[in-house]
Amino acid sequence: MTNDDIRNQFPILGTEVYGKPLVYLDNAATTQKPAAVIEALSRYYLTLNSNIHRGAHHLATEATEAYEQVRRKVQQYVNARSPKEIVFTRGTTESINLVASTFAERYLSEGDEVIISGMEHHSNIVPWQLACHKKNVKIRVIPFSDSGELDLDAYRSLFNERTRLVAVCHVSNTLGTVNPIALMAREAHAHGAMIMVDGAQAVAHTAVDVQQLGCDFYCFSGHKMYAPMGVGVMYGREEVLDELPPYQGGGEMIKTVTFDHTTYNELPFKFEAGTPSVGDVLGLGAALDFIQSTGLDRIATIESQLLAYATEQLRTIDGVQIYGTATNKTGVLSFNVGSAHPYDVGTLLDKLGVAIRTGHHCTQPVMDRYGIPGTVRASFAAYNTMAEIDTFIAALRRIAPMLA
Ligand code: C6P
């Protein structure tokens with residue numbers, strides 16, 4: 001496996017921490033950024049900075065065109081039918097809040113039900129609680145097995161005539177499980193419900209075709225796919241988005257305003273109130289170029305090789321317990337070392353230059369399911385190497401006896 005050509009595009013990977021080369025294995029939290037993305041950001045502020053969709057001048061026209069071009073790139077990347085279906089947000093969290101709030105207003109009433117899964121990130125639990133609480137709507141939860149796979153029989157049994165929506169992650173940020181979205185979408189539609197997919201952990205690791213998946217909404221963040229922080233996407237089917245009320249009011253989302261009445265702009269602008277983060281959107285465009293020039297297939301192959309090797313190596317360390325062993329997994333590896341607190345493991349790994357995440361990973365119900373306070377989580381990206389896995393495993397081997 002050679003990926004020097006990928007690695008060399010990421011300036012930060014040359015960093016040293018505590019005098020040791022950085023081994024960055026916290027990619028599910030956020031990926032590092034290739035030089036092309038950083039350059040796209042600074043190019044915007046150096047040469048193009050202006051507000052979009054409203055200026056009559058050259059810079060504003062150029063910036064607007066560049067921004068709308070990224071929308072078309074995203075449309076192609078997820079195979080949406082139209083750029084009108086791509087709404088720029090600040091990230092997955094804002095995308096899901098947008099869907100939950102507007103969907104509830106338009107489609108939910110007292111006694112209705114929404115299905116989520118037991119492995120959701122808090123971002124795909126709390127917005128539904130907020131929306132459902134207001135309308136007296138019940139939330140039902142799909143359980144999952146010890147290996148971290150959703151119980152699909154239980155899923156089928158949760159539907160009834162009051163089910164309006166399923167909200168589920170494509171990939172679990174804690175367990176790495178890839179959920180069978182196409183199948184789950186068929187089931188939801190057969191029961192007259194819609195489906196919203198949290199794609200935060202999927203979109204940089206596996207091909208996403210919203211039409212093939214059959215989802216009504218698909219939400220993701222730029223910063224987990226090599227793009228800057230501060231930009232995300234809410235894909236929604238045009239027919240559904242047309243039916244939804246606006247999320248926030250302000251400039252750009254209107255057609256006409258009087259003190260008595262406002263008419264709303266067409267899609268997707270109806271959902272993009274105020275000045276967007278134009279530079280970050282352009283950075284997202286550069287990140288998509290990076291992914292496409294590298295090849296998503298190649299990225300997925302590298303990450304699955306890293307996952308297989310790291311899993312095999314981890315299993316050779318006494319007392320290690322892995323959480324999430326689904327057959328269909330992406331490069332996320334959650335584990336504990338004996339009864340050591342995950343935070344202690346993380347702190348010691350950090351001192352040896354290895355960056356991983358510890359804690360509940362914003363999935364407290366997953367921790368409750370296993371009866372643990374948290375896990376240590378290593379997560380991989382296309383620039384990681386087998387040598388880095390060796391460093392990580394050697395560091396763990398060194399600290400394991402200290403924690404026993
Ligand atoms: N997970 C992690 O370390 P934002 O913060 O809006 O970009 O993404 C929220 C989010 C939603 N869904 C899933 C499945 C996620 O993994 C995340 C973010 C990070 O796992 C930070 S908690």
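Helices (H or I, at least four residues) and strands (E, at least two) are DSSP runs, numbered from the N terminus. Strand E9 (residues 217–221) holds Ser 221, and Ser 221 is among the residues that come nearest to the ligand. The model is predicted: local features need pLDDT of at least 70, side-chain atom pairs count only at pLDDT 80 or more, and totals for chains, interfaces and linings use all residues. Residues are numbered from 1 along each chain as its sequence is written, and side-chain values use heavy atoms, with hydrogens and water left out.

**Ligand surroundings**

- A residue is near the ligand if one of its heavy atoms lies within 4 Å of it; of the 16 residues around the ligand, Thr 93, Asp 198, Ser 221, His 223 and Arg 357 come nearest.
- For polar contacts (a pair of N or O atoms within 3.5 Å; within protein, one must be able to donate a hydrogen and the other to accept it, and residues adjacent in sequence count only if both atoms are side-chain atoms), Thr 93 places a polar side-chain atom 2.5 Å from an oxygen atom of the ligand.
- Asp 198 has a polar side-chain atom 2.5 Å from a nitrogen atom of the ligand.
- The side chain of Gln 201 has an N or O atom 2.7 Å from an oxygen atom of the ligand.
- The ligand taken alone exposes 510 Å², and the protein buries 87% of that; accessible areas come from the Shrake-Rupley method with a 1.4 Å probe, and for residues only the protein chains shown count as cover.

- The side chains of Ser 221 and Thr 92 make a polar contact at 2.4 Å.
- Not counting residues up to four places away in sequence, Ser 221 touches Gly 91, Thr 92, Val 231 and Gly 232, where contact means heavy atoms within 4.5 Å.

**Aromatic rings and charges**

- Rings of Phe, Tyr and Trp (its six-membered ring) pair if their centres lie within 6.5 Å; planes under 30 degrees apart count as stacked, over 60 as edge-to-face and the rest as tilted.
- The count by this rule is 14 aromatic pairs.
- The rings of Phe 103 and Phe 217 are edge-to-face, because their centres are 6.3 Å apart and their planes stand at 85°.
- Phe 103 belongs to helix H4 (residues 92–107) and Phe 217 to strand E9, so the pair ties together parts 114 residues apart in sequence.
- Phe 103 and Phe 217 are both buried.
- One aromatic cluster is formed by Phe 10, Tyr 226, Phe 290 and Tyr 383.
- A charge sits over a ring if NZ of Lys or CZ of Arg is within 6 Å of the ring centre and within 35 degrees of the ring normal.
- The charged end of Arg 369 sits over the ring of Phe 144, 5.2 Å from its centre, and Arg 369 also lies over the face of Tyr 370, 5.3 Å from the ring centre.

- Pro 246 is in the loop between helix H9 (238–243) and strand E11 (254–257).
- With 17% relative accessibility, Pro 246 counts as buried.
- Beyond its neighbours within four places in sequence, Pro 246 is in contact with Thr 102, Met 253, Tyr 264, Lys 270 and Phe 271.
- Glu 252 counts as buried at 17% relative accessibility.
- Glu 94 lies in helix H4 and, at 17% relative accessibility, counts as buried.
- Apart from neighbours within four places in sequence, Glu 94 is in contact with Thr 89, Tyr 247 and Gln 248.

**Other backbone features**

- The peptide bond joining Leu 267 and Pro 268 is cis, with omega about 0°.
- Pro 268 is found in the loop between strand E12 (262–264) and helix H10 (278–294).
- Cys 362 has a positive phi near 60° and is a residue other than glycine.
- The loop between strand E16 (357–359) and helix H13 (364–370) contains Cys 362, which is partly exposed with a relative accessible area of 23%.

Key: Buried < 20%, exposed > 50% of the residue type's maximum accessible area, 1.4 Å probe, protein only.
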